[in-house]
Amino acid sequence: MLELAKRLWIAWNGVARRLLAAQNAAAMGVAWVLGIAPTAIVMRLIGHDPLDRRPPRPDDVSHWTPRDDGPLTMERARRPF
């Protein structure tokens with residue numbers, strides 16, 4: 001009897017995993033069609049770049065922004081952030 005229950009449980013787990021994989025694919029497809037794709041199309045049409053990947057000035061080749069935090073002290077070094 002215990003062996004039969006184990007086999008049924010293993011079989012049910014296989015069925016459940018396949019059902020969840022299909023459900024996940026369907027949910028991701030709906031999210032893509034209703035949310036991500038329209039947003040991408042609108043942003044492409046209006047020319048908005050959310051990452052703003054352009055250099056600040058035409059002659060710049062880096063996106064590095066210099067930062068001046070002042071002198072390095074022991075109190076500042078102890079601070080986590």
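1. Let me start with burial: of the 81 residues of the protein chain, 2% count as buried. Here buried means under 20% relative accessible area, exposed means over 50%, and partly exposed is in between, with a 1.4 Å probe and protein chains only. Please keep in mind that this is a predicted model, where local features need pLDDT of at least 70, side-chain atom pairs count only at pLDDT 80 or more, and totals for chains, interfaces and linings use all residues. Residues are numbered from 1 along each chain as its sequence is written, and side-chain values use heavy atoms, with hydrogens and water left out.

2. On the overall fold, the protein chain has two helices and zero strands. The radius of gyration of the protein chain is 27 Å, well over the 12 Å that the globule rule gives for 81 residues, so the chain is more spread out than a compact globule. That radius is taken over C-alpha atoms, and the globule rule is 2.2 Å times the number of residues to the power 0.38. The C-alpha trace spans about 75 × 50 × 20 Å along its principal axes. Helices (H or I, at least four residues) and strands (E, at least two) are DSSP runs, numbered from the N terminus.

3. W9 counts as exposed because its relative accessibility is 56%.

4. Now the charges. There are 12 positive and 8 negative side chains, and the centres of the two sets lie 14 Å apart. Lys and Arg count as positive and Asp and Glu as negative, while His and the chain ends are not counted. Each charge is placed at NZ of Lys, CZ of Arg, CG of Asp or CD of Glu.

5. How many salt bridges does the rule give? The count comes to one, a salt bridge being a side-chain nitrogen of Lys or Arg within 4 Å of a carboxyl oxygen of Asp or Glu. E3 pairs with R7, and their closest N and O atoms are 3.6 Å apart. Both residues lie in helix α1, four residues apart, about one turn of the helix. E3 is partly exposed, at 48% relative accessible area, whereas R7 is exposed, at 59%.

6. Two further residues of helix α1 give some C-alpha distances. N13 is in helix α1 and is partly exposed at 28% relative accessibility; its C-alpha atom is separated by 21 Å from that of A27, 14 residues apart along the chain. R17, also found in helix α1, is exposed at 66%, and the C-alpha atoms of R17 and G29, twelve residues apart, are separated by 18 Å.

7. Finally, D59 lies in the loop between α1 and α2 (74–78). D59 counts as exposed, with 62% relative accessibility. The C-alpha atoms of D59 and W32 are separated by 38 Å, the two residues being 27 apart along the chain.
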